[in-house]
Structures are given as structure tokens and as C-alpha cells.
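This briefing covers the ligand site and the salt bridges of one structure. It is grouped by topic.

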Amino acid sequence: MIRTHVHPTRDAADASVAAELRVLLRAEPRAVLGFATGNTPIGLYRTLAADRAAGRVSLALASSFNLDEYVGLDPEDPRRFGAWMREQLFRHVDLPLARARFPDVDAVDLDAAARAYEAALASAGGLDWLVLGIGRNGHVGFNEPGSSVDSRTRVVELAETTRADAARTFGGAENVPRRAITMGVATILGAKRIRVLAFGAAKAAIVRACLHEPVSERCPATFLRGHPDVELHLDPESAALASP
Ligand code: F6R
């Protein structure tokens, strides 16, 4: 069952998730955190940055694994998720960069790199807490429709809707990478706590599907319903089509 919270505003949702993370990090300073990129978590990361600046939170002993990374971009490309995370979060908090992990998309053997990422996460003890966004097509991480519930970290082809959604960042859908390495659905479901954020009217239909459509590979976000500690944090616009 997904515990759903409809907040009056997006800021209120970010504040609530950030507050939980502060409590978690106080109790478990060595927590292993899972981070998403994209528009959705920007406010949460801003809140964490403000919390750090005010001395309300420390990530000095924590470590992190990002969900996914594009394949095929130059290592210095600012559109890589690694660069994005440094800009949006890491340069504002005290998480040591050496413990902020991403799939090694520059490896010659990408399949081996994906397996190594899964193994590194397992040897860190798995994720204690993971923040997710949802793609308009129901993807979580880059587990596009058709991804199986037992999938692990692997190389994937991005769906056309995913590439269309990234077109603006890349100056046209044709410039968006075609592949990525993503944690699998089973990798995601292995996290102890999953906090899903979805904001705005553009996410209303997929939020409804995630909560009410039959659990299936056609909408990987529906697999979250099988997790014992998952919360969905919405604003009124993204909640508009979901039944109470
Ligand atoms: C990003 C990721 C994706 C996004 C999703 C929503 O690391 O794995 O699943 O969370 O595409 O993207 P936004 O937040 O830009 O709507």
C-alpha cells in the first residue's frame, strides 16, 4: 500500500520529506541515500541545502547512490546527472563527493559496470532511504514500461516519451542520449524507505495510474505498491485525478 500525502503546496511537500530526512540522519548518520535527478526533487534539494546552511542537518557520514546516469555524454558534460547533482545538492551539503556514487557510464564494458554498481550498493548494505520522481509514462529511475519487477541495475534504452521530455535540456529530442544505466525495479524495491514526489497537473494521470491501475510492467511505478514502506507526496494538482 502506498501512503499518499496531498500537501497544500509543493514547498510543503518538500519540507515534509526534508524533515523526515533530518530525523533519519540524526538517528542514522551513516545512512545510505538514493537520489533522483529531474525537476521534481529540486525543491527538496534546495531545502536540504538550506538545512545544511542552518546547521540543521549533516550528511558528513552518509553516502549516496544515484538512480541513473545517461550513457554517451562526455564526462565533463554539464547535462550528466553527476554534474547536475553537484550543482543542485552536493556543493551545498557536506556529503563527501567520494561517497556520492553514480553508475560508471564511461566504462568500456557497460554491462559489467552496471553489475558493479549493483554489487557496490549491496556491499554498502542497500539503500536506507530513496527519493523518486515518476516519468509521465510511469517509469521509475529509467525503468521504462516493459521493465520487469525483478530487474536489477542494467543498461537500458530510453523510451521516446522520456527523450521527448528531456528535449529542451538537449536542444532537441534527437540530441538526447538513447541509453542509460539505471537501478532496476528490484534494486529500487530493495530500499528500506521509498519517498516518491510528483507535482503539477502533468503528473496527475500517471499518479492515478500508479495508485489505481493493475500492477504491471506497462506502468513500472505500480510495482511500488508492493513495497512495505513507500510514501507518495503530492500537491493538489498532481493529486487531482486520484481517488481518495
Ligand atoms: C531521474 C529519474 C527519472 C525522473 C522522472 C521524472 O533520475 O530517474 O525517473 O525522476 O523522469 O522527471 P521529472 O522530475 O523531471 O519530471
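This is a predicted model: local features need pLDDT of at least 70, side-chain atom pairs count only at pLDDT 80 or more; totals for chains, interfaces and linings use all residues.

Around the ligand stand 13 residues, and the shell they form comprises eight polar, three nonpolar and two charged residues.

**Ligand surroundings**
- The closest residues of the shell are Thr40, Asp68, His139, Gly141 and Lys203.
- Of the 400 Å² of accessible area that the ligand has on its own, the protein covers 86%.

- Asp68 places a polar side-chain atom 2.5 Å from an oxygen atom of the ligand.
- Gly141 contributes through its backbone, with a polar atom 2.7 Å from a ligand oxygen.
- The side chain of Thr37 has an N or O atom at 2.8 Å from an oxygen atom of the ligand.

**Salt bridges**
- Side chains of opposite charge can pair when their charged atoms come close.
- Across the whole structure, 18 salt bridges are found.
- One of them joins Arg193 to Glu28, with 3.3 Å between the closest N and O atoms.

Terms used
Residues are numbered from 1 along each chain as its sequence is written. Side-chain values use heavy atoms; hydrogens and water are left out. A residue is near a molecule or strand if one of its heavy atoms lies within 4 Å of it. A polar contact is a pair of N or O atoms within 3.5 Å; within protein, one must be able to donate a hydrogen and the other to accept it, and residues adjacent in sequence count only if both atoms are side-chain atoms. Accessible areas come from the Shrake-Rupley method with a 1.4 Å probe; for residues, only the protein chains shown count as cover. Ala, Val, Leu, Ile, Met, Phe, Trp, Tyr, Cys and Pro count as nonpolar, Asp, Glu, Lys and Arg as charged, and the others, Gly among them, as polar. A salt bridge is a side-chain nitrogen of Lys or Arg within 4 Å of a carboxyl oxygen of Asp or Glu.
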